[in-house]
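Hello,

Here is the structure I promised to pass on. Have a look first, and my notes follow below.

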Amino acid sequence: MVSKTRERFIEVARQLFARKGVENTTMNDIASASEKGRRTIYTYFKSKREIFNAVIASETDELLGRLKKILTLDLPAQEKLVRYIDCRFDTMSEIVSRNGSLKAGFFRDVRKVDRARRLITDKESMLLKVILKEGQQQGEFHMTDIDSTALVITHTLHGLDVPYVRDNLSKEGVTQEQLKKYVIHLILYGIKGEETQLKKETTT
């Protein structure tokens, strides 16, 4: 059972990081805002880096929880994969946007982004493997290596986090919704064929 005191420290730290920034928040600030002593916070966390990682972990747990729900739906694997990609983009955008100054850090400090990704890469890949295996069993998907395919898709989605959240491609005429549709199309069909389907999806 997770300690309520630890959870309190994590939530207070998240709020302070979002408002003041990670660099401008001290362990004393977190302890004081939590109405706990400095000694108590060090019982749970050895450093600000450790509590920052705990904050990121709590946010990614929310993402993973939403993605796991998709796996339980009574849908064809292809539809699950589409919903998975759509949900992942939107949830990441929501998490980053609601965290105030963390949003700036997300874009500025690539190392922080990479650390956050490493926390969930394996877990996301495991979820994708379930969908890909279902699709293969249903005859919807055809691949020689499910593990590698899941890993490549996971890293592909990670690589598009910042462009999606920042809406970087809109100046090139690709909206966030269109970006999701292009990614889904590339993963499901590649760039060989299905041109009519792509045109239909990107114009709706």
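A term to begin with: a residue is called buried under 20% relative accessible area, exposed over 50% and partly exposed in between, using a 1.4 Å probe and protein chains only. Please bear in mind that this is a predicted model, where local features need pLDDT of at least 70 and side-chain atom pairs count only at pLDDT 80 or more, while totals for chains, interfaces and linings use all residues. Residues are numbered from 1 along each chain as its sequence is written, and side-chain values use heavy atoms, with hydrogens and water left out.

Overall fold first. The chain holds 11 helices and zero strands; both are DSSP runs numbered from the N terminus (helices H or I, at least four residues; strands E, at least two). Of its 204 residues, 39% are buried. Taking contacts (heavy atoms within 4.5 Å) between residues at least 6 apart in sequence, 64% join residues at least 24 apart.

Next, a helix pair. The axes of helix 1 (residues 4-20) and helix 4 (residues 48-71) cross at roughly 95° and come within 9 Å. Helix 1 is therefore roughly perpendicular to helix 4, a label for angles of 65 to 115 degrees (under 35 is roughly parallel, over 145 roughly antiparallel, the rest oblique). Axes here are lines fitted to C-alpha atoms over the stretch in contact, and angles run from 0 to 180 degrees between N-to-C directions. Helix 1 brings R6, F9, I10, A13, R14 and F17 to the contact, and helix 4 brings K48, I51, F52, A54, V55, S58 and E59. By class, that gives eight nonpolar, one polar and four charged residues (nonpolar: Ala, Val, Leu, Ile, Met, Phe, Trp, Tyr, Cys and Pro; charged: Asp, Glu, Lys and Arg; polar: the others, Gly among them).

T154 is buried, with a relative accessible area of 0%. Leaving aside residues up to four places away in sequence, T154 touches T121, E124, S125 and L128.

Helix 5 (77-98), helix 8 (146-159) and helix 10 (176-189) each supply at least two lining residues, with the largest share, three residues, coming from helix 10.

Best wishes
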